[in-house]
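Colleague: Please take me through this model feature by feature, and tell me how each kind of feature should be read.

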Amino acid sequence: MASVPHEVAIPRTYGVSARTQRTFLRIATGVILLVLWEVLVRWLAPPFVARPVTVARALPHVLANHLPPGTPTFWGAAEATVVASAEGLAIGIVGGVLVGLTMGRLRTADRLLRFYISTFFAMPIIALVPVMTLWFGYSSTVRLYIVALGAFLPICLNVYDGTRSLPASFVEVAQSYRARWWNVWFGIALPASLPYLLAGFKLAVGRVLVGAVVAEYIVNLKGLGSYIVFDSRTFHQPEMMVAVLFLALLGVSVNAAADLATRRFLPWYRRSE
Amino acid sequence: MSAIQVNEPKPRMIVPHSVRGGAISLVGLVIGAGIWEIVGRHTQAASFAPFSQTVSALWLMTRSGELPTALESSLELFGAGLGFAMLFGFFGGLFLARIRLLRIGLEPYILMLYATPMFALIPFILSLFGFEFRAKVIVVTLFGVWPILINTLEGARSVSNDLLEVAKSYRSTEPKLWRHVIIPYTLPYTMTGVRQAIARSLIGMLASEYLLAATGLGNLILTYTNRFDTARVLAAVLVITLLATILMAIGRAIENYFARWKAGV
Amino acid sequence: MSTNGAAGRIQIDGVAKQFGDLRVFQDIDLAIGEREIVSIVGPSGCGKTTLLRCIDGLVQPSEGEIRIDGAKVTEPPRGVAVVFQHFGLFPWKTVYENVAYGLRLAGAPKDQIAESVARHIELVGLKGFDKAYPYQLSGGMQQRTGLARALATDPHVLLMDEPFASIDAQTREILQFELLRIWESRPMSMVFVTHSIEEAVLMGDRVVVLRGRPSSIHEVIETGLPRPRTRDVLSSPRFNEVREQVWSLLMHEAEQAERELQEVR
């Protein structure tokens, strides 16, 4: 229903479905972008800079872990980053849901904590990475704290918002059926906040990945962050680009999975209300 | 609507209520500073600094001119990066809203770049544009531009056909259609994107200061971390936190201003 | 748990409710007998819904007390169920899950829940809609779900809070007669709050008219209409007589309020 009507329309080709057209258009655009990248880099940049052709050539031996001795292996790095991010997300979800619900339902908790949560949410968490190396040493503890914080804050704030916007009538219905506080918190407030939780989760994924990669670079931990920096400093840019593409795909697919989960598990939630 | 709303007027005594709430918030702040102070005093000086030391470090760094210089440098980077992000995001969004072919073609790639941790691209940008200010501005812009572009695009696409029809029935010309209908309708969306971009650009600012030529607040943090001067590191972090809070407040105020015609804002 | 044969007598003694400076109603004395239906009508803002909430213990009266089967009401009692004007269905639960809600909270065994929920979904005519979500249902069907949820807990007191007020006129009439049919098959005490005079007369054994500011019971009218009530009741002389009586009582009030308003101006 919503479109800018005076836009340049695609000429209608009959016999081909809109979906096929769209896919074709997207692939074609992708090819054009790749060609542009290839040509521009070949033309303007130093020879070590990654181009689609060199990245494609690097892809097989990177994925097969056939790398020069002494260099970090790709899959080892990817595993470290993914596992740490998942841990951080798990901690962030559990903590964020509990604290968010508490703040949303108890005014005193809200007043005590809101300042801290919203302040930490606004600040770039990666500012804390160097300090944390002083506190926890150059260890993976730093990365864990960073990813956990990166996940906790957006999820907590979103669950808080969701709980706060819970219609009073739902609580009343629950009370009329003799609901106790835990029924209201976990039976009413939590499911009503699930759409908010998912929005927070998507935000959290982005923050967690950035946090993990930055921590890996500064603390020099095994992971994609240090892999990328090592490869770039040793002029292995095509190998580095494989990791960048992997991170991009990871971000996209987790987001897509979250959207899919919304449609699959929250069919009652419609955006237009 | 529901009867309970009709029957329950808002409590008359609002003032004492909010005073109490404010007092609780204040207690929260005092407890926080107290915990910081106590934890800081009971650990080794090298690893943690109490609140009081951090504040005095802040004062010393301000007086020496070190902090204002760093702040200025960081803000310059942030401002330039966010400025370009707004420029490209807004006009790029409008442009894509208008040209369907380009929009459909580019959509997946834009979403992909939005989801990519931009930090990973910094070495690539380094190889193309070097270490200096220009490269760093590009990094900040790359962090910030996507939410602005995507929100603007969504806003411009959701202008209702009814309103466009009204404008056309009044014989609006194309430029006036944009000026009176599409752009005002889109701006609140853009500003929501700008608010998100502020947070992301701050991350970009620090990331580029960490990884490219070390300047500004990022440089302060790295330098004093290497000297194990926790008080000064925390002072710099405190300044960044303050900066982020202020910028977010400004972002929210601008967003509300542009969305003032929307119900319930 | 079964309340078959249980009483459901409601005793309201000198009840008043005050919100801050606003006194909503006072001096309410009312006794509702076993399996009796009492309708409560009154101008909007007279507190009839608040009175209902007091009976369920959702709101505590400022003065006086309410007893159900001799036990003072301080929280929502077992065996009392409310049907809300806003339906109060949880949007994330299916029809089945919504109807099961009360039984789940009461800790009923699983097979009993399954049996009772299925039976009540059928009773209200929603067979086949078990897996539907509230947004997929019309207003009438949503309130059928709300009714099934209330009935599934096997209450001996049913509190109706303008249950059909937000449903279109034709559906409302269908639901009214269906409720009467269900009541015939399993009579229970009912307090029926409504702003529709026809509905009050059609449902009630007695009609309680609230009036004044703060409001109090102005008159209690025995409808004296036969049960079971069918559509024929609507055209009976007695129905029209009672309706006229209630109407004139309320009209008088409305005119008076209007006049007072004029004087203020």
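Modeller: Start with the residue classes of a lining. The largest cavity is lined by seven nonpolar residues, two polar and one charged. Here Ala, Val, Leu, Ile, Met, Phe, Trp, Tyr, Cys and Pro count as nonpolar, Asp, Glu, Lys and Arg as charged, and the others, Gly among them, as polar. The model is predicted, so to speak of local features pLDDT of at least 70 is needed, side-chain atom pairs count only at pLDDT 80 or more, and totals for chains, interfaces and linings use all residues. Residues are numbered from 1 along each chain as its sequence is written, chains are lettered from A and ligands numbered from 1 in the order in which they are written, and side-chain values use heavy atoms, leaving out hydrogens and water.

Colleague: How many cavities of 30 Å³ or more does the structure hold?

Modeller: Three. On a 1 Å grid over the protein atoms alone, a cavity is a set of points where a 1.4 Å probe fits but cannot get out; a pocket is an open set with protein on both sides within 12 Å along at least five of seven lines; lining residues have an atom within 4 Å of a point. The volume of the largest cavity is about 100 Å³.

Colleague: Which residues line the largest cavity?

Modeller: From chain A come Met123(A), Pro124(A), Ile125(A), Ile126(A), Ile146(A), Gly150(A), Arg207(A), Val210(A) and Gly211(A), and from chain B comes Ile203(B). At least two of the lining residues are supplied by each of helix H6 (140–164) and helix H8 (181–219) of chain A; helices (H or I, at least four residues) and strands (E, at least two) are DSSP runs, numbered from the N terminus. H8(A) gives the most, with three residues.

Colleague: What lines the second largest cavity?

Modeller: Its lining consists of Val124(C), Gln143(C), Arg144(C), Leu147(C), Phe164(C), Leu175(C), Glu178(C), Leu179(C) and Ile182(C). Helix H4 (139–152) and helix H5 (169–185) of chain C are the elements that give two or more residues, and H5(C) has the largest share, with four. By class, six are nonpolar, one is polar and two are charged. The second largest cavity holds about 50 Å³ of space.

Colleague: Now the backbone. Where does a cis peptide bond occur in chain C?

Modeller: Look at omega. One cis bond joins Arg213(C) and Pro214(C), with omega about -10 degrees, and Pro214(C) lies in the loop between strand E9 (206–211) and strand E10 (216–222) of chain C. Another runs from Arg227(C) to Pro228(C), with omega near -5 degrees. Pro228(C) sits in the loop between E10 and helix H7 (237–264) of chain C.

Colleague: What is the phi of Phe235(A)?

Modeller: Phi is positive there, about 60 degrees, although Phe235(A) is not a glycine. Phe235(A) is found in the loop between helix H9 (224–233) and H10 of chain A.

Note on methods
Points joined across faces, edges and corners; volume = space filled by probe spheres on them.
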